[in-house]
Amino acid sequence: MNLNWFKDPEHVVYADVEEFIENFAKETGIDDLREKIEAFDAHPTKEGLTLKGKKRTTIRLFIPDLVFDEHIEMGENIWIYMGESYECYCLYGLGDKNFCEDAKEYKFFRHRDCEYFPCHHTEEEDNFNCLFCYCPLYAMGRECGGNFFYLDNGVKDCSGCAVPHKRSNYDYMMRKLTEFHRILRENDDKKTES
């Protein structure tokens with residue numbers, strides 16, 4: 001395996017385990033693929049794990065950071081490799097479900113010592129979330145779902161928006177980010193096809 005091939009974003013698809021594995025297991029004909037991935041995640045090896053499917057498919061589970069001397073983006077995750085004729089899948093979200101069921105505080109952060117706190121008008125300073133200090137949905141333009149308007153010069157003014165700063169909006173923000181990434185990926189695919 002060639003490290004430079006894996007570093008090329010054209011060759012890598014980042015896949016959420018929850019949305020990806022069930023369909024991929026059907027396509028490849030690999031029974032209990034989720035369980036096999038979880039077992040490999042619990043006891044990874046440098047050699048990886050080769051799995052054969054019923055549909056004349058073979059995949060290799062591996063962790064790039066164990067295989068290569070150089071770290072690549074998300075190289076600590078499990079990847080699925082089927083040869084350089086196919087895209088390689090970098091899996092994320094593995095093991096997150098149980099973690100997130102009990103964890104709640106990671107969704108909220110308040111920085112009272114910040115010189116700008118609170119940066120937007122609020123009646124509830126105790127529930128003002130600073131986690132998304134710079135709104136990651138800004139780039140979505142009109143599709144962000146927030147309370148904004150455009151100035152005459154075309155700049156998006158979000159000074160009246162508190163969507164990213166509401167304690168209860170973490171899940172909304174993550175759904176919108178996932179949607180945005182999907183749109184970007186689809187647009188990139190369309191450009192590649194042209």
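**View 1. The largest nonpolar core.** Leu33, Ile37, Ile80 and Leu91 touch the most other members of the largest nonpolar core, which has 19 residues. A nonpolar core is a set of buried Ala, Val, Leu, Ile, Met, Phe, Trp, Tyr and Cys residues joined through side-chain atoms within 4.5 Å; buried means under 20% relative accessible area, exposed over 50%, and partly exposed in between (1.4 Å probe, protein chains only). At least two residues of this core come from each of helix 2, helix 3, strand 3 (58-62) and strand 5 (88-92). Helix 2 supplies the largest share, five residues. Helices (H or I, at least four residues) and strands (E, at least two) are DSSP runs, numbered from the N terminus. The model is predicted: local features need pLDDT of at least 70, side-chain atom pairs count only at pLDDT 80 or more, and totals for chains, interfaces and linings use all residues. Residues are numbered from 1 along each chain as its sequence is written, and side-chain values use heavy atoms, with hydrogens and water left out.

View 2. With neighbours within four places in sequence left aside, Ile80 is in contact with Phe20, Ile21, Phe24, Ile37, Ile59, Arg60, Leu61, Cys88, Tyr89 and Leu91. Contact means heavy atoms within 4.5 Å. Another core, of eleven residues, lies apart from the largest one; Trp5, Phe62, Ile72 and Trp79 are among its members.

**View 3. Helix 2 against helix 3.** The axes of helix 2 (residues 17-28) and helix 3 (residues 33-42) come within 9 Å and cross at roughly 125 degrees. Helix 2 and helix 3 are therefore oblique to each other. Helix 2 contributes Val17, Glu18, Ile21, Phe24 and Ala25 to the contact, and helix 3 contributes Leu33, Arg34 and Ile37. By class, the residues of this contact are six nonpolar, no polar and two charged. Axes are lines fitted to C-alpha atoms, for helices over the stretch in contact, with angles from 0 to 180 degrees between N-to-C directions. Angles under 35 degrees count as roughly parallel, over 145 as roughly antiparallel, 65 to 115 as roughly perpendicular, and the rest as oblique. Ala, Val, Leu, Ile, Met, Phe, Trp, Tyr, Cys and Pro count as nonpolar, Asp, Glu, Lys and Arg as charged, and the others, Gly among them, as polar.

**View 4. Leu51 in strand 2.** Leu51 lies in strand 2 (residues 49-52) and counts as buried because its relative accessibility is 10%. Not counting residues up to four places away in sequence, Leu51 touches Ile30, Leu33, Lys36, Thr57, Thr58, Ile59 and Leu61.

**View 5. Lys176 in helix 6.** Lys176 is part of helix 6 (residues 170-193). Lys176 has 11% relative accessibility and therefore counts as buried. Beyond residues up to four places away in sequence, Lys176 touches Leu137, Met140, Glu143 and Cys144.
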